[in-house]
Amino acid sequence: MTDFSEIRNACMLCTNCPLHETRTNVVFGVGNPDAKILFVGEAPGENEDLQGEPFVGRGGQLLDLYLNGVGLDRKSNIYITNILRCRPPHNRDPRPEEQQACLPFLRQMVKQMQPKIIVCVGRIAAQVIISKDFKVSKEHGVFYERGGMLLMGTFHPAALLRDPRRKGDCFEDFLKLQDKIKALGIEI
Ligand code: SF4
């Protein structure tokens, strides 16, 4: 069984970047550490910082809608985390030095969890995990093989709330994910 308690404890005490000074809560992650599908966003926003859980509020509800539509559930068969575990002030983009400071935690989680699929939620996560030139509008829903894992990028729910025209495209990405889960024989 995957046990994140050691990494979680290290995150709770972490002062490796200046974001620890302004956080309300460390947002470590939510879900089943034994799941084979890992979702990674960019960083906690205001609601996430207040509640200590990734993807809550309206954006989180939208993400849950897509997840539930393809048989996934943050409480049981996936794990959700972010590149950063503390909120950047005013929801600005994570700075490169903050990403570098926090990425070792994600690497440790991936090493322990050994996911078969990583879904990058939004541009920042996809640029950090898949490729620095990743363009969500062009490359969403495409699976890339890396180190025995499949990586896929899709839209961030906050972006969909700003531009609902891409909601259909995003759900298609989730349907492709569902197909991939079946093709790989991943039990969910
Ligand atoms: S964002 Fe990451 S590296 Fe920075 S203080 Fe929080 S846990 Fe530590």
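These notebook entries record what I looked up in the structure above.

**Entry 1: the model**
I noted that this is a predicted model, in which local features need pLDDT of at least 70, side-chain atom pairs count only at pLDDT 80 or more, and totals for chains, interfaces and linings use all residues. Residues are numbered from 1 along each chain as its sequence is written.

**Entry 2: the sheet**
I looked up the strands, taking helices (H or I, at least four residues) and strands (E, at least two) as DSSP runs numbered from the N terminus. Two strands pair if DSSP finds at least two bridges between them. I found 6 strands in an open sheet with mixed pairing, in the order S1-S3-S2-S4-S6-S5. Its edge strands, each pairing on one side only, are S1 (30–31) and S5 (143–146). S2 and S3 run parallel and are joined by 4 bridges. I also saw that isoleucine 80 in S3 stands opposite phenylalanine 39.

**Entry 3: helix H4**
I checked the length of H4, which covers residues 96–113. The expected span is 1.5 Å times one less than the number of residues.

I then asked which residues of H4 are buried. A residue is buried if 20 or more other C-beta atoms, placed from the backbone, lie within 10 Å of its own, exposed if 12 or fewer, and partly exposed in between. The buried ones are Ala101, Cys102, Phe105, Leu106, Met109 and Met113. Their cover includes helix H1 (5–12), strand S2 (37–41) and strand S3 (79–82). After H4 comes glutamine 114, with a positive phi near 55°.

**Entry 4: alanine 126**
I located alanine 126 in helix H5 (residues 123–129). Alanine 126 counts as buried because it has 29 C-beta neighbours inside 10 Å. Beyond its neighbours within four places in sequence, alanine 126 is in contact with Cys120, Phe134, Val136 and Gly153; contact requires C-beta atoms, placed from the backbone, within 7 Å. Aspartate 64 is 62 residues from alanine 126 in sequence and 20 Å from it in space, C-alpha to C-alpha.

Methods
Contact = placed C-beta atoms within 7 Å.
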